[in-house]
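Please open the model in your viewer and keep the selection panel at hand. The tour below goes from stop to stop, saying what to select and what is found there.

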Amino acid sequence: MSDTKVDILKFADKDGEYKRKPSVFRDFISSKAGAKFPPEAGRYHLYVSYACPWAHRTLIVRALKGLTALIGVSVVHWHMDDKGWRFPSNDDPCEGATEDKIYGVKRLRELYFKADENYNGRFTVPILWDTKTETIVNNESSEIIRMLNSEFNSLLDEHHAKIDLYPSDLQQQIDDLNDWIYPNINNGVYKAGFATKQEPYEKEVKALFEKLDKVEEILGNRYHHGEHYLTGNILTEADVRLFTTIVRFDPVYVQHFKCNLKMIRYDYPHIHQWLRELYWTIPSFKDTTNFSHIKFHYTKSHVGINPHHITPIGPIPNIVPLGKFK
Ligand SMILES: N[C@@H](CCC(=O)N[C@@H](CS)C(=O)NCC(=O)O)C(=O)O
């Protein structure tokens, strides 16, 4: 088990590059007869951090699909230390976080070891936990959101059952968007921010802004045709997946991850409009966004990047109201 301070808070390899490790738990909740993990109200639980863009995806989809009464949530403290994520306590309170509502454990890592005593990967959020078999069903957000989207429909009212963030006629388009938005934008900000050498940092930042320019062009064309989402007139998982990176961009990534060639609010009018429409007009986006957790987590946990833990006070506001240019 890699347990030392140096290990867990060290993200780049010896070439100075950050390489995200694949998630390990990859089972599926399925509505098919005889499934090992069938959909059931109250059976599954999400462990999240409000700071984390990957966990944020799962919170948005849970809310959009009307699953809040069926799937519970525990929220870790925004601070990640040398032993990973922890839950708040009386001596260590954290507004917006919760205790572990299932077992009352102190640390997220305890859940990983409950699921597999020999686990030797990273202790990441989100976790989709099964309270019946007491294990992790899945810890890969891109798969968790697919399950939440399609596998609980028989338990939902008609309105929520009909919401489909991955409709069959748009799947190819969504997959094509995910194929470059994930490596160069969602994970691109991390690859830039966690780089420990100049060259990989520059390579990633350039690729990131090239792809943001491409998103700006796509959304510009959409708005020109009276459409408001990445694939047209329907909100899809492609919007959800991009949102959690863009909403963190000006408040954190520009400064903390040194992604500072441009800012969303000043340089990308269509992305900015799209971001604010999602945030200000669809409660599932605003209600799951916690800017304090976001800003405090990155700036006070990544000691290698910000050794004095000082959280910059700008930009103000974290997100610009709709209707104003900036
Ligand atoms: N592939 C995972 C990535 C999750 C992930 O990297 N989460 C981060 C927080 S943003 C984490 O928990 N990191 C803890 C660590 O790496 O020790 C997913 O998308 O679900």
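**The sheet**

Begin by selecting strand β3 (residues 127-130) together with β4, two strands that run antiparallel and are joined by three bridges. Helices (H or I, at least four residues) and strands (E, at least two) are DSSP runs, numbered from the N terminus, and two strands count as paired if DSSP finds at least two bridges between them. This is a predicted model, in which local features need pLDDT of at least 70 and side-chain atom pairs count only at pLDDT 80 or more, while totals for chains, interfaces and linings use all residues. Residues are numbered from 1 along each chain as its sequence is written, and side-chain values use heavy atoms, with hydrogens and water left out.

Within this pair, select Trp129 and look across to β4, where Ile136 stands opposite. Then widen the selection to the whole open sheet, in which four strands follow the order β2-β1-β3-β4 with mixed pairing. The edge strands, each of which pairs on one side only, are β2 (72-75) and β4 (135-138). From one strand to the next the twist averages 35°. Strands of a sheet pair through backbone hydrogen bonds, either parallel or antiparallel.

**The turn between β3 and β4**

Next, select Glu134, which lies in the loop between β3 and β4. Although Glu134 is not a glycine, its phi is positive, at about 50°. The hairpin to which it belongs has four residues between the strands. Most residues other than glycine have a negative phi, and most peptide bonds are trans.

With that in mind, move to the loop between α3 and β3, where Pro126 is found. The peptide bond from Val125 to Pro126 is cis, with omega near 0°. Another cis peptide bond joins Ile316 and Pro317, with omega about -5°, and Pro317 lies in the segment after α13.

**Helices across the sheet**

Which strands does helix α3 (residues 108-115) lie across? Select the helix with the sheet and you will find that α3 lies across β1 (44-48), β3 and β4, running at about 50° to β3.

**A crossing of two helices**

Select helix α9 (residues 237-256) and helix α11 (residues 269-281), whose axes come within 10 Å and cross at roughly 105°. The two helices are therefore roughly perpendicular to each other, where angles under 35 degrees count as roughly parallel, over 145 as roughly antiparallel, 65 to 115 as roughly perpendicular and the rest as oblique. Show the side chains as well: Asp239, Leu242, Phe243, Ile246 and Val247 in α9 meet Ile271, Trp274, Leu275, Leu278 and Tyr279 in α11. By class, this contact of α9 with α11 has nine nonpolar, no polar and one charged residues. Here Ala, Val, Leu, Ile, Met, Phe, Trp, Tyr, Cys and Pro count as nonpolar, Asp, Glu, Lys and Arg as charged, and the others, Gly among them, as polar.

On a 1 Å grid over the protein atoms alone, a cavity is a set of points where a 1.4 Å probe fits but cannot get out, and a pocket is an open set with protein on both sides within 12 Å along at least five of seven lines; lining residues have an atom within 4 Å of a point. Grid points are joined across faces, edges and corners, and a volume is the space filled by probe spheres set on the points.

Among the lining residues are Ile246, Val247, His272 and Leu275, and the largest share, four residues, comes from α9.

Return to α4, which gives the most to the lining of the second largest cavity, with three residues. The volume of this second cavity is about 30 Å³.

Finally, turn to the largest pocket, with a volume of about 1100 Å³. Of the 43 residues that line this pocket, select Tyr18, Arg20, Lys21, Arg122 and Thr124, the closest to its centre. By class, its lining has 20 nonpolar, 11 polar and 12 charged residues.

Conventions
Axes fitted to C-alpha atoms, helices over the stretch in contact; angles between N-to-C directions. Contact = heavy atoms within 4.5 Å.
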